[in-house]
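This report covers a helix pair, a sheet and the nonpolar cores. The structure is shown below.

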Amino acid sequence: MLPDLFHVDDRRLICRIGRETLWIEPVGEGAIRVRATRNAAFDDALPSGLLPDLPVAADGQIEISDALATLTNGRLRAEIRKMPRGLEPTLELSFHDTVTGKVLLQEEMPHILYPNTRNYDAEDGHLWHIETRFRAEDGERFYGLGQHQHGRLDQKGCVIDLLQMNTEVVIPFLVSSRGYGFLWNNPGTGRVELAANRTLWTLDASPQLDYVVIAGPEPATILREYAALTGHPPMMPDWALGFWQCKLRYASQEEVLRVARDYHRRGLKVGCFVIDFFNWTKGGEWRIDPEAFPDPGAMVAELEDIGMRPMVSVWPAVNANAATFADMRDAGFLIEHRRGVQASSVFVDANSDGLVPLSFYDATNPQARDYHWARVRDGYVRHGFKAFWLDANEPEVYPTHPDNMRYHAGDGRAVTNAYPLLHQQGYADHMVADGIEDGVLLSRSAWLGTQRHPVVVWSGDVKSTFADLSRQVRAGLNMAMSGIPWWTTDIGGFKGGDIRDPGFHELLIRWFQYGVFCPVFRLHGFRQDSAGDPRLGREFLAGGADNEIWSFGPEVEARLVACLDLRERLRPYLTEQMRIASKTGLPPMRPLLLQFPEDPAAWEIDDQFMLGSDLLVAPVLAAAARSRSVYLPAGHSWKDAWSGETQAGGQSVDIETPIDRIPVFLRSGANIDLLPR
């Protein structure tokens with residue numbers, strides 16, 4: 001007896017043609033999940049960005065005829081149709097808005113013979129190189145997809161590599177201007193091409209493809225549903241909304257306390273004091289160096305007594321000379337490699353002469369996550385640390401060859417992009433189990449669902465240039481459109497800032513002004529000193545030059561102190577925005593299109609943003625700029641936060657931007673006072 005082309009099993013539409021099986025199921029409100037494979041069964045162990053207990057929605061409606069099946073869930077309807085193509089038929093999908101009748105997204109067969117709209121080329125074992133393609137639509141815009149340094153907000157026309165790297169964060173979720181969201185729930189490496197003639201998603205090697213389409217009349221609806229499917233963020237602790245002091249690197253307990261006491265003596269509020277890398281004995285031993293930090297418990301207590309939450313950097317890398325290396329290797333707790341020696345990178349490390357081989361613990365292995373936290377608990381938590389900087393957690397492998405990596409969860413090509421999320425999950429779960437209620441994680445990478453953990457993502461090791469500052473504005477807005485509400489940058493950039501350079505001083509001031517209005521306000525950098533030690537800012541073990549508020553001269557200090565004061569006045573408003581993010585999934589930092597989708601001009605603006613619903617911020621992004629054009633969205637009047645002058649919306653206005661001024665406007669009716677009291 002031949003199997004049916006379509007049938008229903010537990011509210012799920014199952015479709016089979018040739019060797020391919022598709023599962024089409026309603027999830028959430030107005031979303032449909034599609035899974036497809038040429039294997040005998042789906043791999044349920046593959047890491048997923050969706051909530052682990054995500055059920056099939058109860059009210060999906062399925063209709064079946066000989067050559068057509070439909071599944072409807074709220075505003076979204078999927079149609080799957082048997083189509084004659086070349087020598088054999090295929091099944092093609094399209095997605096429709098049930099309210100407007102509009103086709104939102106549809107698969108496209110490029111040729112009658114090859115390739116298919118869902119094309120599978122055999123790889124090793126049960127893995128396939130998979131491509132799925134959709135029709136390109138004129139005028140369509142795409143937002144999200146994580147964080148990338150191409151400097152664009154609208155990503156139509158871009159080719160994005162789906163591979164975690166320093167400064168490149170893969171969150172494969174996008175929002176289309178056509179009224180849908182697309183969630184690529186595949187942890188494998190690949191590529192997405194958002195071209196004029198096609199949209200093509202590629203997996204290098206995976207047992208299956210898995211994606212979710214979300215219908216929404218506007219971007220905010222789509223982001224709310226994304227949070228419902230992948231997890232709502234927690235409420236950000238109050239201490240994390242203040243100023244974060246950081247540099248590469250504070251090498252000793254004495255140096256940390258000297259700087260912290262100086263901030264306190266000057267009356268400057270610091271919410272978080274960050275201790276960067278090489279605070280440890282050796283990588284992978286995960287304990288603070290007792291020679292450099294002889295009494296870490298006393299240090300933590302003093303910092304907290306003066307209102308500063310200490311955060312300590314913990315890398316997932318394991319030095320081949322660490323006391324833990326052999327045990328972790330023998331237990332299978334390290335990422336393995338198909339070819340060559342057991343090393344993921346060669347880099348410097350604390351208490352080592354020259355370069356050393358490093359491996360990474362396997363965060364896809366639950367037992368390895370338990371082992372890692374047990375070491376962190378003994379090496380840091382028992383001294384009072386509750387906040388952790390999860391650096392290099394892409395993982396940062398050199399060279400980046402996922403095909404050479406073997407994880408507990410499978411082939412590197414099939415699972416590696418989920419590493420950051422699983423690493424973060426290990427910390428978040430153990431922090432809850434150990435009673436750490438207001439801990440925060442700072443991470444250089446992320447994936448689908450990262451926001452459900454207390455994770456701040458930052459944009460990585462960007463350069464100290466105005467071009468990089470401009471790129472971070474777009475990168476941060478795309479992170480917001482990727483469902484990440486907790487985001488920040490290295491204020492001043494990470495690489496290349498000379499503390500005696502007037503050009504860098506101007507950049508630093510402008511970056512501070514932008515940072516005030518970011519969800520997290522964090523100074524960091526690998527600073528140089530042209531008149532000091534030439535190793536500073538160039539050799540990691542030597543660290544960087546001074547990077548405190550007062551390190552750049554009294555004139556710069558005065559302007560940076562003004563930024564700290566402004567941030568303190570902004571905190572009540574920010575607290576409310578974080579509460580909204582936790583409840584709804586809407587980010588505090590928003591591109592204009594998210595807040596004003598009915599204004600066509602708002603979809604064009606990529607160098608301004610809203611902070612919440614009431615504050616419009618227009619950073620100064622060019623050297624020596626003393627004015628800039630600001631677009632005021634239509635349908636509202638806008639008050640200049642500094643002059644009090646009110647302007648009508650729906651127009652661009654030229655605003656003067658002296659070195660101590662960033663354009664900020666309040667939407668009509670907003671009750672926010674940013675002026676110094």
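## Helix pair

Helix α5 (residues 366-379) packs against helix α7 (residues 419-433) at an angle of about 55 degrees, the axes being 10 Å apart. Axes are lines fitted to C-alpha atoms, for helices over the stretch in contact, with angles from 0 to 180 degrees between N-to-C directions. α5 is therefore oblique to α7 (under 35 degrees is roughly parallel, over 145 roughly antiparallel, 65 to 115 roughly perpendicular, the rest oblique). Residues of α5 including Arg369 and Trp373 meet residues of α7, among them Tyr427 and His430.

The model is predicted: local features need pLDDT of at least 70 and side-chain atom pairs pLDDT 80 or more, while totals for chains, interfaces and linings use all residues. Residues are numbered from 1 along each chain as its sequence is written, and side-chain values use heavy atoms, without hydrogens and water.

## Sheet

An open antiparallel sheet has five strands in the order β10-β11-β17-β16-β13 (helices, H or I, have at least four residues and strands, E, at least two, as DSSP runs numbered from the N terminus; paired strands have at least two DSSP bridges). Four bridges join β13 to β16 (residues 190-194), and Val159 has Glu193 as its bridge partner in β16.

## Cores

The largest nonpolar core has 165 residues, and Trp244 and Phe388 are among those with the most contacts inside it. Such a core is a set of buried Ala, Val, Leu, Ile, Met, Phe, Trp, Tyr and Cys residues joined through side-chain atoms within 4.5 Å (buried: under 20% relative accessible area, 1.4 Å probe, protein chains only). Another core, of 42 residues, lies apart from it and includes Ile24 and Leu174.

Terms used
Buried means under 20% relative accessible area, exposed over 50%, partly exposed in between (1.4 Å probe, protein chains only). Contact means heavy atoms within 4.5 Å.
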